[in-house]
Amino acid sequence: MTNFTPYSALAGGALIGISAVLLLLFNGRIAGVSGIMSGLFYAPKTDRLWRLAFLLGLVLGAALLQQLWPGFNVPRQHYPLPLLIIGGFLVGFGARMANGCISGHGICGLANGSLRSLSATLMFMAAGMVTVYVIRHVLGLGA
Amino acid sequence: MKQTLLALICGVLFGVGLALSQMLNPNEVLDFLDISGRWDASLIFVMLGALPVAMLAFKGVLKRPTPLFAGQFQLSTKQWVDKPLLLGSAIFGVGWGLGGYCPGPAVAGLGLLSQESVIMVLAIYAGIAVYNRWFGQP
């Protein structure tokens, strides 16, 4: 069971928005994590270092908040491994096919008024909701 | 060098934002998607926090001829909703609902020393590698 946490969610969302704005303003790049991840290995060599820095920053940022506010995020354990592995694979595969994930489409693309990104975001949500329904309420798996 | 440092700072802000907004808690994500069960609307507030900031600022930023540290803005030039977009998004959504992780939180979760994050990052890269091998790097 999780708690309703609107204020920290708003504040966290604003930080994510500011990050996306700064990356666009200074580097001219979209803060889309799946694209940044893919390019880390598949973009031209000169276009990789900033990606590594951004991804490293994600890890450091989460670690920083964990230091400042221990126990705010507690890593989940004992979740069914096959769901994680299949889920991760589909997330990576689908994000490449759709050319973006929640950050690229759901934040940056929507903010830019893109119809493609709106369609993608609605599809993520719909497919995610159906999947959770089946996993939790039909199959009785997961958390 | 400037671009790399800026990317690091943006990554840190993004990572703190994800951690603060509970996006790093995959059960919170699953509860958000569980509209017929124990629905938790918190994650809507993440978008409510991020979107107004980004919407207002993107408009101003994109009026500039170039970014501050780079020669040009690199945005998607695709305009139309096509089959790969919808099919890819559906596949993504199924994966999201299975594990409760999208790419940002999977990476950031490494900062919590979460074992699940290690598994997720590897699995996401497997999906990316298979897609890029089959269809080429877009």
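Guide: Happy to; let's follow the last helix of chain B, starting from the chain as a whole. This is a predicted model, in which local features need pLDDT of at least 70 and side-chain atom pairs count only at pLDDT 80 or more, while totals for chains, interfaces and linings use all residues. Residues are numbered from 1 along each chain as its sequence is written, with chains lettered from A and ligands numbered from 1 in the order in which they are written.

Chain B has six helices and zero strands (DSSP runs, H or I of at least four residues for helices and E of at least two for strands, numbered from the N terminus). Of its 138 residues, 54% count as buried, meaning that 20 or more other C-beta atoms, placed from the backbone, lie within 10 Å of the residue's own.

Now to α6(B) itself, residues 115-135. Its 21 residues should span 30 Å at 1.5 Å a residue, and the end C-alpha atoms are 30 Å apart, so the two values agree; the expected span is 1.5 Å times one less than the number of residues. Among its buried residues are E116(B), M120(B), I124(B), G127(B) and Y131(B). The buried residues of this helix pack against α4 (83-99) and α5 (103-108) of chain B, and also against α2 and α4 of chain A. Just after the helix, G136(B) takes a positive phi of about 85°.

Those partners in chain A lead us to the interface: 99 residues of chain A are in contact with 103 residues of chain B, a contact being two C-beta atoms, placed from the backbone, within 7 Å. On the chain A side, α1(A) gives the most, with 21 residues.

How values were computed:
Buried ≥ 20, exposed ≤ 12 C-beta atoms within 10 Å, placed from the backbone.
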